[in-house]
Amino acid sequence: MKHTEVQQQHPSLYLEVCSQNEEQRLPLHTSIALFLLSYCECKSFKVFLVFTKPGSSQSLKSQLPEGLDVSDIQLEDLPQLVRGCRLPAVLDETGRLCRAGLAVVLRHIINKTLDADPSRNDVLALLGFKKTCLKACAEVSRWTRLCEIGIPSAVEEHLKNPTNQYEQLPLSILTLERRLAEPVKVHNDDKIRRKKLQEQRQSEKNESPEAQGKPDSESGQSPQVSDGLELRAALAKLSVDSVPTSTTRENSEIRKVKTTDLPPLEHVFAEGLYFTLTDVVLLPCIHQYLCSLQAHAASTLHQLPHLLRWHSRVQEVPGVLRAAEACGMAFSIPQVPTYSHPEPSAEDNAASLLEQEEGQEMTTQLPFVGGPRPTMTKLQENGIEAVFAPHPCPAWTLPWDSLPEAINPAEGKMSNIRAARKRQQLNNLVAMVTELARPGHTVVDFCSGTGHVGIVLAHTLPDCQVILIENKEESLVRAQSRSAELGLKNIGFIQANLDYFTGSFHIGVALHACGVATDMVMEHCIQAGAAFVISPCCYGFIQNAIKFTFPKSKRFQETLTYKEHMILCRFADQTAVQLPPERRLIGKQCMGLVDLDRSWAAETHGYSVRVMTMEPESCSPKNNMLVGKPLHTSGLEV
């Protein structure tokens, strides 16, 4: 990877353009990013439209907000760090830190807008409560996965072939419709619910025979009562100017009502009461979907009353119509007042499909009964026991005394004892990677955190390119700062979920990848035909996920149930130094069995895998190490 030494004036935002029927079009992820740029009035990026086929943005002018600095670029001309990621992606001014994936890029656009103008309360509100909106990665959050991947993908598929898509509404659309029909819980909602009850009772009083005939000013009736409270509260939160808090206190009768007896709050926006980044993501998707239904199957709209209501309410948010018009979105979807609920067949179908999906994901809630001994005995009776390969270089160590201070883990905030153990862990991983690496190889440090592993590798292997991948921005920025202090030139940084990294590499490494993160890293390495050096962690967090079911290998599947495998995972975490030695020994055996299952699953993909123990064993309670290499890749001899 080559990095330019000339820093850019602005970060570069790369957005995909695709071709359909020989015409250029903007995929939904690109439309969403452009809509957010327009809504935020953000001018902090140099925007590049990335063409997979020769083309020009001239035909797309109506969908590009005015004032954006937009250029065209061909796919093959992308910077290499960006080329290894799915778009959208942002490359920072140094050219070494890439942020990839829809949610990560959108959150970065919001943060850059706030950097330029901290007074934008409306933009800050997009990040939601505690600034966590769409922060959880799609691999672990069903809600992020639905909004970031599920709905955009379903709508894209629908738009490619709309005439065949009306028999059954997409599951992701039905999931959102059902979600919008549910009452919502928001932080400190008791006060809002009491206010709603007060308005409801006032409305009932005003509608009583005694109040009939009195003018509104005399009866005290508000032009908007309970059904508009949620929307008014939501719009007040978005005000750029601070909104004074209401000093009106509920009467004593209202204050005495039990919380359980208060009226529920209705969904106003996708995540509940307030307009957030999730609504920004969904608007271009749902708008295009509803437009298509209106054009080809208007009767289907009756099955989506809550989605139509949401679509109408979003348009009342200040700035939305302006931003939509700048992106070529024309709102013309009518409300469908005839039906207040989906037709029974559609609702039943949605519930059935949702139960199937949730059933696949929630099988992890089985209770644990008993200890691990019956499960271990069952495996032993079937010839399965944990076996640890000998460590090839147990005494190998990095020359810590002569290394720059910025490489040493003690340079951070950890204690001396913890720093010493961290150095021992790094000795083990670096020794294995050094054994596998050859000049010109690319090494990827997955779940890199602040870069303890990746930075040591970049310094130790100057002839290799090292890429650090981490979802947490704060950790990656810290790693970039440490790298700059060391003057490392063979290192790059990617803030992204694992699925958004698509680049080729030779070796994948991960220190203490928690739960299924170990399995995700292994899968990524196997798909790339790369060797791996992984230290697993948090076995108790292992559970059936979207991509994985456990046990993973055929022999374990023939021997253990899912519940029995979970018992192994649970007790694999019983290795803390405070526990009795016998209990720690059982925990170590459970760790070995779980990782044996993983290694056998990898071997079916043409890998040779060793499960070994770090040296010294005291360097970590989670001291297992999985070292795998593809059997048919010539450059990775061990």
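I took helices as DSSP runs of H or I with at least four residues, and strands as runs of E with at least two. On that basis I found 22 helices and 13 strands in the protein. I note that this is a predicted model.

**Entry: whole chain.** I looked up burial for the 638 residues, and 53% count as buried. I then checked contacts with a separation of 6 or more. Residues 24 or more positions apart account for 75% of them. The protein exposes about 29,500 Å², and carbon and sulfur atoms supply 50% of that area.

**Entry: helix H3.** Next I looked at cover. H3 is mostly covered, with 12 of its 15 residues buried. Among the buried ones I listed Arg-107, His-108 and Lys-112, along with Leu-102, Val-104 and Ile-109.

**Entry: salt bridges.** Side chains of opposite charge can pair when their charged atoms come close. I counted 13 salt bridges.

I took Glu-473 and Arg-99 to start. Their closest N and O atoms are 2.7 Å apart. Glu-473 lies in helix H18 (residues 473–486) and Arg-99 in strand S6 (residues 97–100), so this pair ties together parts 374 residues apart in sequence. Are the two partners buried or partly exposed? Arg-99 has 6% relative accessibility, which is under 20%, so Arg-99 counts as buried. Glu-473 is partly exposed at 23%.

I went on to Lys-378 and Glu-564. Their side chains meet in a salt bridge at 3.1 Å, N to O. Lys-378 sits in helix H15 (residues 373–381) and Glu-564 in helix H21 (residues 562–572), 186 residues apart. Lys-378 is partly exposed at 29% relative accessibility. Glu-564 has a relative accessible area of 18% and is buried.

I also checked Glu-435 and Arg-610, which form a salt bridge at 3.5 Å, N to O. Glu-435 is in helix H16 (residues 416–436) and Arg-610 in strand S12 (residues 607–613), so the pair ties together parts 175 residues apart in sequence. Glu-435 is partly exposed, with a relative accessible area of 25%. Arg-610 is partly exposed as well, at 23%.

**Last entry.** Which residues do shared partners join into one network? I found Asp-519, Lys-552, Asp-595 and Arg-598, joined by salt bridges.

How values were computed:
Residues numbered from 1 in each chain as written. Predicted model: local features only at pLDDT ≥ 70, side-chain atom pairs only at ≥ 80, totals over all residues. Heavy atoms only, no water. Buried < 20%, exposed > 50% of the residue type's maximum accessible area, 1.4 Å probe, protein only. Contact = heavy atoms within 4.5 Å. Areas by Shrake-Rupley, 256 points an atom, 1.4 Å probe, with all protein chains shown as cover. Salt bridge = Lys/Arg side-chain N within 4 Å of Asp/Glu carboxyl O.
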